[in-house]
Amino acid sequence: MNLTPTTPVDDDNTEPGPYIELSRHAWADLAESTEIDIDDETLERIRGLGDPTDQTDVAEVYRPLTQLIHLYCMHTGSLFEASNAYLQLQDHQMRRTPFVIGVAGSVAVGKSTTARLLKELLARSPRRPKVDLVPTDGFLYPNAVLEEHGILDRKGFPESYDRKALLKFVVDVKSGAPEVVAPVYSHVEYDIVAGEQRVVRQPDVLIIEGLNVLQPPRLRSNGTMGLTLSDFFDFSVYIDADEQDIMSWYINRFLTLRQTAFTNPHSFFSEYAKLPDEEAIDIARSIWRRINLPNLTQNIRPTRGRATAILHKGPDHEVKNVWIRKI
C-alpha cells in the first residue's frame, strides 16, 4: 500500500489518508510566539552550499516543525515516566533514553541544512536540551572496501554503508550508553578519516541525517526480519522535491564546488576544478543519472511514506507544502 501523499494539498483535510496535509501558509499559522530563534550569523554558518534558506523560512517552516517535535519529545517523556511507574521502576533511577530524530532525502535536496537547523532550534527550546547531530556518511565503508567489492560507484546506496555498525551506534545511544563513538567522513577526501571519531555522550536529542535512514528492515535468508535504524526513531523528517528540481540543484552545487572545494589539491574531485563549464555540467548530469537518480528512485523516495513529517520544496528551494502523519 502506498501511503505517500500527493499534491495538490487538501487544506481542509476532508479526504481520508494517513497524513494531515497543509500548505505553507496554513503550516506557518500554527507557529506560536516563542523565543526559539537563531541569528543571521548562525543561519549563514549552517546553511548548505547553494541553499537559500532564510529567516522567513525559519519562522514559517522550521519553527513550527521544532515546536511539533518538542511536543512529541515532551509526551515521549511523559510516557517514559508513566511506563516506569507502571513497572514499578522508580527506585531504579533509570535515565530517560534520548529522543532520536531521523532526517532523510536525496542528495542536494537540503537535508543537511534541515538537520543543522533542527539541532540549533531544538537546543534553544524550553529546558535547553543537549542536542547532537550525526550524519550517516561516517558509516560508509572506506573507499578501499568499496573498491574491493566493486561498488565504489554506488557510494550512497544502502549496500555502501556498514549498516550493522550504524544500527549498533544508534542502539547504544538509545540504550543510554555513557559514551558512543562514530567514524568521521571527509567530503574533501571523499573517504572515512582514519583515526578521527565523533563522540556522543548521552544527549537529550540525537539527530541522524542521511540518504537512507528510513530504509525498512531487510528479510533474512531464514525468512525472519531484522531490526532497522528507523525502529529507534521517535520522529522523522523527509525532505522532498521533484526530480528535475533536485537535479538542477545538484548540478549548480557541482559547479560551485568546482570553484571552491574541488580546488583543494587534497580533494578527491580536484581533476574537475579546471573543466570548462559545459564539460562540468555534462559530467554532473552524468553522475546524477548514473548514481544519484537511481538511488533516489530505487531506495530513497520509496521510504518517504515512512516519515512522520514530509517537507515538499518547490523549484526555488522553498518549502511549499507540509504533510504530518496522523496514524
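1. The model is predicted, so local features need pLDDT of at least 70, side-chain atom pairs count only at pLDDT 80 or more, and totals for chains, interfaces and linings use all residues. Residues are numbered from 1 along each chain as its sequence is written, and side-chain values use heavy atoms, with hydrogens and water left out.

2. The mean pLDDT (the predictor's confidence in each residue, from 0 to 100) of the protein chain is 89, and 93% of its residues reach 70 or more. Over residues 7-13, however, the pLDDT is below 50, although this stretch has 17 contacts in the model beyond near neighbours in sequence, a contact being heavy atoms within 4.5 Å. Where pLDDT is low, the predicted coordinates should not be read in detail.

3. Helices H3 (residues 55-86) and H4 (residues 111-123) pack at an angle of about 65°, with their axes 10 Å apart. Among the residues making this contact are Leu-65 and Ile-69 of H3 and Leu-118 and Leu-121 of H4.

4. Leu-65 also belongs to the largest nonpolar core, which has 86 residues, and is listed with Phe-235 and others as touching the most other members. Such a core is a set of buried Ala, Val, Leu, Ile, Met, Phe, Trp, Tyr and Cys residues joined through side-chain atoms within 4.5 Å. Beyond four places in sequence, Leu-65 touches residues including Trp-27, Leu-118 and Phe-235.

5. Ser-236 lies in strand E7 and counts as buried because its relative accessibility is 4%, buried meaning under 20% relative accessible area (1.4 Å probe, protein chains only). Leaving aside neighbours within four places in sequence, the contacts of Ser-236 include Gly-102, Leu-214 and Ala-309.

Technical notes:
Buried means under 20% relative accessible area, exposed over 50%, partly exposed in between (1.4 Å probe, protein chains only). Helices (H or I, at least four residues) and strands (E, at least two) are DSSP runs, numbered from the N terminus. Axes are lines fitted to C-alpha atoms, for helices over the stretch in contact, and angles run from 0 to 180 degrees between N-to-C directions.
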